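This note is meant for a colleague who is meeting the structure for the first time. Please read the numbered points with the model open.

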Amino acid sequence: MNKKNILKKLISTLLAFLLVLGMVPMGSGVAFAEENNENTITVTIHFSSVDGDDLMDPIKITGVAPGTTLNEAIEEAIKAEAIPRTFFVKEGYRSWTSLTPKPLSYYASLPLETWWDEMYADREAADATELYEDKDFYAHMYKYVDTPIFVTVDAPKCGVETTTPAKPNPEGDYDKYDWESQINLPVMTFDDSSKEILDLYSTWARWINEEEFVASESYVPFNGKFVGGEKYYIDITFDPKPGLLFSEKCIHDSEIEVPGDVDFDIVDSFYMPFLAGLTITVPAEHVPGEWEADENDPTKEVKKCTGCGTVMETRNKPVHTVTIHFSSIDGEDLMDPIVIENILDGTTLKDAIEGSGRECYGTLFEKDGYQRYKLYVPEPFSHYLSLGDEWYTQMRAANVGSSTAITEDMELYIPMVKHITVPIEATITAPKCGTETNTEIIGQLDDDRPEYDWDNQTNYPVVTAKENGEYAGGELYANWIMENSASTPYIGKFIGDEYYYVDLWFDSIPGYGFMKGDDVKVNGGEVSDPFVISPSFYEMTVKVQAQHDWGEWTATKEATATEDGEETRICTGCHKEEKRSIPAKNSETKDDDNASDANKNDTNKSNTSIKTSSTAPKTGDENHPWLYAGLILLSLMIIVLYTKFFSRCNSKKDNG
């Protein structure tokens with residue numbers, strides 16, 4: 001036999017041996033199951049409280065056949081009287097008949113929104129569990145709640161609306177409304193003792209329709225506005241925390257109360273261990289508005305419901321007194337105060353003053369040598385002056401405007417300032433041609449106009465004011481502005497000889513003020529429309545002419561003895577040229593000759609730039625032309641004779 005056949009023989013023998021070994025355990029397993037068929041199972045039931053403790057001794061159910069369900073095991077034990085039918089009862093507690101594989105404390109530790117679903121699923125699974133080994137199960141022992149639940153339900157407000165959307169795909173009539181999305185739900189408030197009992201996560205209330213509830217007890221939502229005095233139905237459901245149950249005493253003995261300032265009626269209630277509820281009626285409350293004038297009687301005022309307009313209260317209009325002082329910088333009254341009495345509540349300050357025969361801002365409030373701020377403030381003038389640099393801002397903020405309604409007695413002060421008598425005098429330096437000014441935009445005003453950074457205007461106007469004792473120490477403000485618009489800055493270059501506009505302000509020292517009509521003198525500019533913004537501020541528009549920035553004079557045509565020259569200078573800002581003549585060089589000599597000749601015509605005295613048509617220089621006396629001709633002829637003859645003589649001398653030298 002070769003080696004290959006021997007190997008095949010060994011493999012076949014090994015496979016047969018393994019097959020025999022595999023069949024032995026199969027036969028032994030069946031025999032074991034039959035031998036253990038008479039073994040029984042023990043089920044242990046604990047009585048689990050919410051804190052995890054067993055409230056009673058556990059009960060054991062023995063002799064349970066394998067494969068028996070938990071439900072079947074319990075029923076057989078009760079029938080055989082192996083355990084009492086009432087073995088789940090303990091005073092003050094109630095057990096749920098089904099069991100779970102985990103204690104109640106486990107489920108109570110889960111989130112409120114999930115504990116019940118997980119526990120219920122475990123109970124359903126446990127009931128159908130087939131038993132093949134010893135098992136422990138837990139009966140949940142819920143403690144009864146006997147404490148009354150105190151809850152306050154706020155009445156609905158007149159004019160408020162509630163709606164409940166319908167579900168798009170309802171499972172049935174009961175489920176066709178989206179109750180959780182009802183708007184303006186009833187507002188419930190629980191006291192501290194009830195908070196310890198209730199699971200507020202699942203305690204809720206909803207508005208239901210009265211007619212539907214009375215007719216069929218079906219829960220149909222109320223949709224619409226509430227009207228004061230009418231009654232509306234609320235369905236309330238209470239859900240206790242895990243481990244607690246409502247007792248019949250808590251529910252059926254009417255221990256639940258609904259205190260409040262409104263008249264509640266309990267029209268129905270229901271009870272389940274895990275849920276308790278009731279239906280109450282609540283009258284809607286009117287919502288009182290503010291006191292307002294009675295349209296039928298000006299001496300009376302009424303308070304109406306903001307929801308339906310029903311008049312809720314009526315009263316006589318109260319009257320008030322306003323006292324107005326004329327306050328100086330030292331806090332004294334410069335004039336006797338004005339007292340206006342019997343002012344009907346709600347009357348404006350302007351109407352009260354004018355109703356007393358006075359002008360709100362007129363001459364009745366002026367004193368010789370003084371003028372007033374057009375303000376009514378609650379403190380004397382001296383109070384605001386004591387606030388330092390913020391005195392004017394604070395005083396303006398405290399102003400009681402003429403349209404303010406008088407609702408109580410008022411003590412008001414008119415700040416009186418001493419009139420500045422020294423005229424204003426200032427000097428403005430004209431802007432240089434070619435320089436620029438700019439004012440950045442830093443925001444937007446309420447009327448959509450740009451807000452400018454006036455404090456940081458570049459190349460702002462240079463202004464100096466002559467100081468005097470009456471407004472020295474005050475401040476001066478100046479800005480470049482567009483013509484006819486003090487609120488819009490001029491932005492751009494200055495051009496020589498063009499006109500630009502300055503918004504000029506003078507700010508007096510506290511206690512002194514300007515009056516319109518004061519003399520204003522601004523050197524270097526023309527003032528237009530000066531006016532007093534308030535006694536502290538005097539504003540005017542000044543028209544200023546820009547000046548060219550000239551360079552040095554440069555000769556562009558030199559002067560000759562007989563002709564004038566010319567020189568030019570250029571503005572560095574706009575490159576404009578300016579020219580002027582340079583007198584002829586001999587013009588001064590001619591002026592001297594002319595000045596010595598007493599018989600010359602007067603017109604020659606200032607004619608320093610007269611030009612002649614001759615191109616030859618003039619010498620001697622202009623009245624002897626023949627003398628000049630003879631001299632020229634003589635000169636020519638001498639030159640000829642000298643030339644001939646010089647030629648001969650040279651010839652002799654050459655011949656010698």
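The points below go from the whole chain to its core, its strands and its aromatic pairs.

1. Basis of the note. The model is predicted: local features need pLDDT of at least 70, side-chain atom pairs count only at pLDDT 80 or more, and totals for chains, interfaces and linings use all residues. Numbering starts from 1 along each chain as its sequence is written, and side-chain values rest on heavy atoms, with hydrogens and water left out.

2. Overall make-up. The protein contains 12 helices and 36 strands; these are DSSP runs numbered from the N terminus, with at least four residues of H or I for a helix and at least two of E for a strand. Of its 656 residues, 32% are buried, where buried means under 20% relative accessible area, exposed over 50%, and partly exposed in between, for a 1.4 Å probe and protein chains only. Among contacts (heavy atoms within 4.5 Å) with a separation of 6 or more, 61% are between residues 24 or more positions apart.

3. The largest nonpolar core. A nonpolar core is a set of buried Ala, Val, Leu, Ile, Met, Phe, Trp, Tyr and Cys residues joined through side-chain atoms within 4.5 Å. The largest one has 21 residues, and Val43, Ile45, Ile61 and Leu99 have the most contacts inside it. Two or more residues come from each of β1 (41-48), β2 (59-64), α2 (70-79) and β4 (135-145). The greatest share is that of α2, with five residues. Leaving aside residues up to four places away in sequence, Val43 touches several residues, including Ile59, Ile61, Leu70 and Phe137.

4. Strand β20 and its partners. In β20 (residues 410-419), eight of the 10 residues are buried. Strands pair if DSSP finds at least two bridges between them. Strand β17 (residues 319-327) runs parallel to β20 and is joined to β20 by six bridges, with threonine 323 partnered by glutamate 411. Strand β19 (residues 370-372) is antiparallel to β20, over three bridges. Strand β30 (residues 512-513) is parallel to β20, over two bridges. Lysine 418 stands opposite tyrosine 370 and has tyrosine 512 of β30 as a bridge partner.

5. A three-stranded open sheet. The order here is β25-β21-β31, with mixed pairing. At the edges are β25 (462-465) and β31 (520-523), each pairing on one side only. Neighbouring strands are turned by 25° against each other on average, direction ignored; the axes are lines fitted to C-alpha atoms, for helices over the stretch in contact, and angles run from 0 to 180 degrees between N-to-C directions. Strand β21 (residues 424-429) pairs with β31 in the parallel sense over four bridges, and glutamate 425 has lysine 521 as its bridge partner in β31.

6. Aromatic pairs. Rings of Phe, Tyr and Trp (its six-membered ring) pair if their centres lie within 6.5 Å; planes under 30 degrees apart count as stacked, over 60 as edge-to-face and the rest as tilted. The count comes to 22 aromatic pairs. Phenylalanine 190 and phenylalanine 238 have ring centres 6.3 Å apart and planes at 75°, so the pair is edge-to-face. Phenylalanine 190 lies in β7 (residues 188-190) and phenylalanine 238 in β10 (residues 231-238), so the pair ties together parts 48 residues apart in sequence. Both phenylalanines are buried.

7. An aromatic cluster. Ring pairs link Tyr373, Phe381, Trp391, Tyr392, Trp505 and Phe537. Tryptophan 391 is buried, with a relative accessible area of 9%, and tyrosine 392 is buried at 17%.
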